[in-house]
Amino acid sequence: MIGQVKLANPSVHHYGDAGTLMMGRFGYELFTIMFLLQLIFVIGSHCLTGSIALVHITTSGICSLVFGIVSAVILFLLAVPSSFADAATLGYIDFASVIIAIEIAIISTGTQATNAPGGLAAVSWSALPKENLTFSETRVAFGIALPVIFISGSINTIVAGRLILSRAFKNSVVRYVNTAKGWAVWLMLISCVTIVAWVLAEAIPFFNDLIGNTSALFTSGFSFYIPPIMWFVLIRKGKWYSKENILLAAINAFVFIFGVAVLVCGLYSTIEDIRKEYHEGSVRRPFSCVTP
């Protein structure tokens, strides 16, 4: 549906533009704010995930805050190339690393299963490294999976930066990032985005649940219930119940209902998780220092 909207309206570059077609200026502002918030929270999630990964991989006893800063710096450096062509290149590396890491885990588990008396059920595995794991032992797979954390996060930084840049410098060559001023603005912009994301990730005690909350609020819309609305409002030709439209109308209605269910159920479950964690006293402190 999103692709069809783009083909029918070449001037649409992002969700904000699509919001303009659907609800005018209000739609533009609403969709842009939703999209930016989601991107910033996802970048913060990658900062936190990078910190956790480095803590477990190195087992060096260094404070997780230090690794959080290291993660933020890596995310910033990978976002310096400002073009989507560069982001696409990073995306290929990102895709390859996650597939290879998964294959390593699958093959290793299968190999152990063939030698274990109980077969696959007897193989003990975990998403986290085992106790007393040395740096060299750290499942090749963990090292190969690191690009996923940082590249995916940096691509979100590039998207957020480009969105802000295209709005702030709509009628200026600065938005092309091919002049000294353009590069200065770009570096300052992605620095601010990265810092804000890192601060949010470290300062909010229930950040993981907050990510669930924002995903329920925003991703459910961008992925599920907004595209069907686009079909009904922007793409559909003729009556929705006409012979040529009835099947697509039914499919889009189902996807819309599914998206609303994800929105409601996701919000409920994450809010309940936050309440439970505070009740049990398991919420971490802001800018807390964790070591292996």
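First, the ground rules. Residues are numbered from 1 along each chain as its sequence is written, and side-chain values use heavy atoms, with hydrogens and water left out. Because the model is predicted, local features need pLDDT of at least 70 and side-chain atom pairs count only at pLDDT 80 or more, while totals for chains, interfaces and linings use all residues.

How confident is the predictor? pLDDT is its confidence in each residue, from 0 to 100. The chain averages 86. At least 70 is the score of 90% of the residues. Helix α4 (residues 84-115) has the lowest confidence in the chain, with a mean of 80. The highest is in α6, at 94. Helices here are DSSP runs (H or I, at least four residues), numbered from the N terminus.

Now the rings. Rings of Phe, Tyr and Trp (its six-membered ring) pair if their centres lie within 6.5 Å. Planes under 30 degrees apart count as stacked, over 60 as edge-to-face, and the rest as tilted. By this rule there are 11 aromatic pairs.

Why is the pair F206 and Y278 edge-to-face? Their planes stand at 65 degrees, with the ring centres 6.0 Å apart, so the pair is edge-to-face. F206 lies in the loop between α6 (180-203) and α7 (207-235), and Y278 lies in helix α8 (residues 246-280), so the pair ties together parts that are 72 residues apart in sequence.

Are these residues buried or exposed? Buried means under 20% relative accessible area, exposed over 50%, and partly exposed in between (1.4 Å probe, protein chains only). F206 is partly exposed, at 22%. Y278 is partly exposed too, at 47%.

Next pair: Y225 and F256. This one is edge-to-face, 6.3 Å centre to centre, with 85 degrees between the planes. Y225 lies in helix α7 and F256 in helix α8, so the pair ties together parts 31 residues apart in sequence. Y225 is buried, at 15%, whereas F256 is partly exposed, at 32%.

Y15, F31, F35 and F222 form one aromatic cluster.

The charged end of R162 sits over the ring of W186, 5.7 Å from its centre. The rule asks for NZ of Lys or CZ of Arg within 6 Å of the ring centre and within 35 degrees of the ring normal.

Key. Helices (H or I, at least four residues) and strands (E, at least two) are DSSP runs, numbered from the N terminus. pLDDT is the predictor's confidence in each residue, from 0 to 100.
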